[in-house]
Amino acid sequence: MRVPFHPILDDDEEPDCTIYHNGEAIPAKTGEPIAAALLAAGVKVFRETAKRRRPRGIYCGIGRCTDCVMVVDGEPNVRTCVTPARAGMRIETQKGLGEWKAP
Ligand code: FES
């Protein structure tokens, strides 16, 4: 799902790192939004709602709606549309409101 060529953006870089979505390795470009890497890999469900467990994914794409929140490296409620990817990140589908773990 990546755009292979764009006449204006001129972004032809290939993924240079690996992130892990629910344990599965996914290629990513360092610094691109986590959500972009997930969408490129075909991931569309980022979280489940608290009451009815309905799937949610990208909606606004600019960090306002919180539909894209996921558990990133153990921290819940991370807005993946505005959080840059870096090598080795562990991203999990968030169930409900997410659980904070004791440090
Ligand atoms: S898609 Fe709306 S905050 Fe990320």
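A: First, the ground rules. This is a predicted model: local features need pLDDT of at least 70, side-chain atom pairs count only at pLDDT 80 or more, and totals for chains, interfaces and linings use all residues. Residues are numbered from 1 along each chain as its sequence is written.

Now the hairpin. Strand β1 covers residues 17-21, and strand β2 covers residues 24-28. Helices (H or I, at least four residues) and strands (E, at least two) are DSSP runs, numbered from the N terminus. β1 and β2 pair in the antiparallel sense, over five bridges. Two strands count as paired if DSSP finds at least two bridges between them. Isoleucine 19 stands opposite isoleucine 26 in β2.

Look next at alanine 28, which lies in β2. Alanine 28 counts as buried because it has 26 C-beta neighbours inside 10 Å. The cut-offs are these: buried means 20 or more other C-beta atoms within 10 Å of a residue's own, exposed means 12 or fewer, and partly exposed is in between; C-beta atoms are placed from the backbone. Which residues does alanine 28 touch, not counting those up to four places away in sequence? They are Pro15, Cys17, Thr18, Ile19, Ala37 and Ala85. Touching means contact: C-beta atoms, placed from the backbone, lie within 7 Å. Histidine 6 is 22 residues from alanine 28 along the chain, and their C-alpha atoms are separated by 18 Å.

β1 has another partner. It pairs with strand β7 (residues 90-92) in the parallel sense, over two bridges. Tyrosine 20 stands opposite arginine 90 in β7.

Now step back. From the N terminus on, they run β-β-α-β-β-β-β-β-β. Another hairpin is made by β5 and β6, again with two residues between the strands. Strand β5 covers residues 69-72, and strand β6 covers residues 75-79. They pair in the antiparallel sense over three bridges. Methionine 70 stands opposite valine 78 in β6. Aspartate 73 in this hairpin takes a positive phi near 50°.

There is also an open sheet of three strands, in the order β4-β3-β8, with mixed pairing. Its edge strands are β4 and β8 (94-95), each pairing on one side only. β3 and β8 run parallel, joined by two bridges. Arginine 47 has glutamine 94 as its bridge partner in β8.

Arginine 53 has a positive phi of about 60° although it is not a glycine. It sits in the loop between β3 (47-48) and β4 (55-56). Arginine 53 is exposed, because 10 other C-beta atoms lie within 10 Å. Threonine 66, also not a glycine, has a positive phi of about 65°. Threonine 66 is in the loop between β4 and β5. With 13 C-beta neighbours inside 10 Å, it counts as partly exposed.

Last, the chain as a whole. Of its 103 residues, 24% count as buried. Among contacts between residues at least 6 apart in sequence, 43% join residues at least 24 apart. Along its principal axes, the C-alpha trace spans about 45 × 25 × 20 Å.

Definitions and conventions:
Two residues are in contact if their C-beta atoms, placed from the backbone, lie within 7 Å.
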